[in-house]
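Here's a quick walk through a few spots in one model. Have the coordinates open and follow along.

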Amino acid sequence: MENIIKMISFPLSSNIKLEKDLISSMTLKNELKPENSSEYLAEGFAKDRMRIHNVAIDLGEGTVLGKLDLERFYEPHYNGQPDVGFHLSALTAYRFVNQLIVAYACRRLGKPKAELGEFFEISHQMRIAKPVAHPTDISAIVKCIKDIPRGDSIFGDFEFDIENGSFYGSIRGVVKQPQ
């Protein structure tokens, strides 16, 4: 292995174009092939059409409740056979929770999203205890555990629960305070 590395390693001062071409061709050979990738992750998720409704924000309790309907969603097929049927994906669950956090931040800061800018996530953790097998009336509760004003920003720690513990976890993020 060491001899192979010596054979393909060139000093930077030698032919940089040759080195770049070699690295490029090595990278292209290692592309993910469609037959070894998820249809959903590649393009199916973009077909999910979410509608979030019954949103209730309680600043006193630090909670936001909401319901999710997937009005349209991706239905994968393998070799012409249907998959196991609908199940809420982690990506869609994550998007749902983040939208509820944005709604909470808007209410908490008294400004519409356009005036707040982005909610920047610092970290998140999600556990999936059981699948959610129905595409409508999916409930979630998000609780703001703490928010800490620092300078022109507010840092927030949130916990969430979707469908009574089917999905649960936490998200930490920051949003700029409006001036």
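A residue counts as buried under 20% relative accessible area, exposed over 50%, and partly exposed in between (1.4 Å probe, protein chains only). This is a predicted model, where local features need pLDDT of at least 70, side-chain atom pairs count only at pLDDT 80 or more, and totals for chains, interfaces and linings use all residues. Residues are numbered from 1 along each chain as its sequence is written, and side-chain values use heavy atoms, with hydrogens and water left out.

Strands here are DSSP runs (E, at least two residues), numbered from the N terminus. Alanine 140 is buried because its relative accessible area is 7%.

What does alanine 140 touch, leaving aside neighbours within four places in sequence? Its contacts (heavy atoms within 4.5 Å) are Val64, Leu65, Gly66, Phe96, Leu100, Asp161 and Ile162.

| Pair | Apart in sequence | C-alpha to C-alpha |
|---|---|---|
| Alanine 140 and aspartate 161 | 21 residues | 5.6 Å |
| Serine 139 and aspartate 69 | 70 residues | 9.3 Å |

Now for strand E1, which spans residues 49-58 and includes arginine 49. Arginine 49 comes out as partly exposed, since its relative accessible area is 41%.

Conventions: Helix = DSSP H or I, 4+ residues; strand = E, 2+ residues; numbered from the N terminus.
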